[in-house]
Amino acid sequence: MELYVIGAIVLCVMLFLLLIMRYIRRKINYILKIGDEMKLIESGDFQHPILYEGKDELTDLAIQLNQLRSVLDENMRSEKEAKQANQDLVTAMSHDLRTPLTSLLGYLDILDMKIYKNEEERSEYIRKCKIKADQIKDMSDRLFTHFLIYAQDENIQLQLMDQDQVNVMLEAFGNELIDSGFEIQLLIDAKPFKIMAETSLLKRIFDNLLSNIRKYGSSQVEISLRCEEKQLCMCIKNDKKEDISKEESSHIGLKSVRKMLSYMNATLVIQEVEDIFIVQLVFPLSMDGLPKA
């Protein structure tokens with residue numbers, strides 16, 4: 001009888017050890033599998049997901065590593081897109097700068113070699129040189145502003161702006177257009193609103209839009225402000241010049257506007273309808289301090 005008991009005990013111990021060894025082997029294989037997948041990530045393959053199984057500490061570790069992989073993959077993709085966008089921008093800017101620069105050098109050669117008939121023609125070439133120099137300065141300033149904006153996101157401090165503050169900025173924008181020779185129609189919704197924004201960013205946005213309208217716009221500009229659903233829409237419509245094919249543009253101004261709006265959780269909508277150019281700045285409304293409907 002005792003032999004049967006001892007045999008049963010030995011058998012149970014062996015079975016227990018077998019199960020433990022099998023469990024340990026499975027966990028070791030799982031650890032090695034995670035290690036192999038980490039080597040793939042180390043080699044730069046952020047697309048390969050880390051598979052997890054079970055419900056223990058190793059599973060938690062695999063989940064966290066997979067989340068880390070996803071974050072790294074997203075960061076790498078964003079960095080690649082930003083690098084490509086900057087490369088495209090620099091390429092476009094170098095092309096756009098080359099055109100007025102070539103013209104400027106040509107006019108300077110004419111002046112240097114005195115290939116002009118009279119003083120009136122000489123003055124005309126000097127005027128053209130100034131125009132081309134102003135174009136180059138404008139594009140270089142926009143390029144500097146663009147990269148400055150992309151580097152300042154950590155300094156953005158949003159604050160509540162009410163209807164009166166926004167109206168003042170829109171009226172100042174309209175007055176600058178009037179001073180530039182444009183006819184303005186200002187349509188402002190009387191409904192009270194508040195948005196989260198930053199005054200300096202809004203000023204830069206209006207400066208960019210003002211520069212675009214001066215360069216590409218004709219005589220008529222309509223500025224409207226309205227609340228719809230949970231959004232505030234600033235809409236600026238202007239007639240386009242009849243012939244803008246000679247104007248150099250990499251659209252850097254609108255790219256900067258889009259980026260600045262993103263800092264304020266707002267969006268830019270651009271439309272072109274025949275000879276009308278439409279820009280919409282769409283802000284989410286803030287409910288703080290507003291009367292409930």
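**Close-up views of a predicted model**

A polar contact of 3.2 Å links the side chains of Q280 and Q271 (a polar contact being a pair of N or O atoms within 3.5 Å; within protein, one must be able to donate a hydrogen and the other to accept it, and residues adjacent in sequence count only if both atoms are side-chain atoms). This is a predicted model, where local features need pLDDT of at least 70 and side-chain atom pairs count only at pLDDT 80 or more, while totals for chains, interfaces and linings use all residues. Residues are numbered from 1 along each chain as its sequence is written, and side-chain values use heavy atoms, with hydrogens and water left out.

**View 1. Q280 sits in strand 7 (residues 276-284).** Helices (H or I, at least four residues) and strands (E, at least two) are DSSP runs, numbered from the N terminus. With a relative accessibility of 14%, Q280 counts as buried (under 20% relative accessible area; exposed is over 50% and partly exposed in between, with a 1.4 Å probe and protein chains only). Leaving out residues up to four places away in sequence, Q280 touches R226, C233, M234, C235, T267, L268, V269 and Q271, where contact means heavy atoms within 4.5 Å.

**View 2. Here is the open sheet, with 5 strands in the order 2-4-5-7-6 and mixed pairing.** Two strands pair if DSSP finds at least two bridges between them. Strand 2 (183-188) and strand 6 (267-273) are the edge strands, each pairing on one side only. From one strand to the next, the twist averages 15 degrees. Helix 6 (residues 252-263) lies across strand 6 and strand 7, running at about 145 degrees to strand 6 (axes are lines fitted to C-alpha atoms, for helices over the stretch in contact, and angles run from 0 to 180 degrees between N-to-C directions).

**View 3. Strand 2 and strand 4 (residues 217-228) run parallel, joined by 6 bridges.** L187 stands opposite S224 in strand 4. S224 is buried, at 10% relative accessibility. Beyond residues up to four places away in sequence, S224 touches L187, C233, M234 and C235.

**View 4. T199 lies in helix 5 (residues 199-216).** At 37% relative accessibility, T199 is partly exposed. Its side chain makes a polar contact of 3.5 Å with the side chain of Q159. Apart from neighbours within four places in sequence, T199 is in contact with Q159, M161 and M169.

**View 5. The largest nonpolar core has 38 residues, and L209, L281 and F283 have the most contacts inside it.** Such a core is a set of buried Ala, Val, Leu, Ile, Met, Phe, Trp, Tyr and Cys residues joined through side-chain atoms within 4.5 Å. Helix 5 gives the most to this core, with 7 residues. Setting aside residues up to four places away in sequence, F283 touches several residues, including I195, L202, L261 and A266. A second, separate core of 8 residues includes Y107, I110, Y125 and I136.

**View 6. Y107 and Y125 form one of the 2 aromatic pairs found in the whole structure.** The pair is tilted, at 5.9 Å centre to centre with 40 degrees between the planes (rings of Phe, Tyr and Trp, the last by its six-membered ring, pair if their centres lie within 6.5 Å; planes under 30 degrees apart count as stacked, over 60 as edge-to-face and the rest as tilted). Y107 lies in helix 2 (residues 57-112) and Y125 in helix 3 (residues 119-150), so the pair ties together parts 18 residues apart in sequence. Y107 is buried at 19% relative accessible area, and Y125 is buried at 17%.
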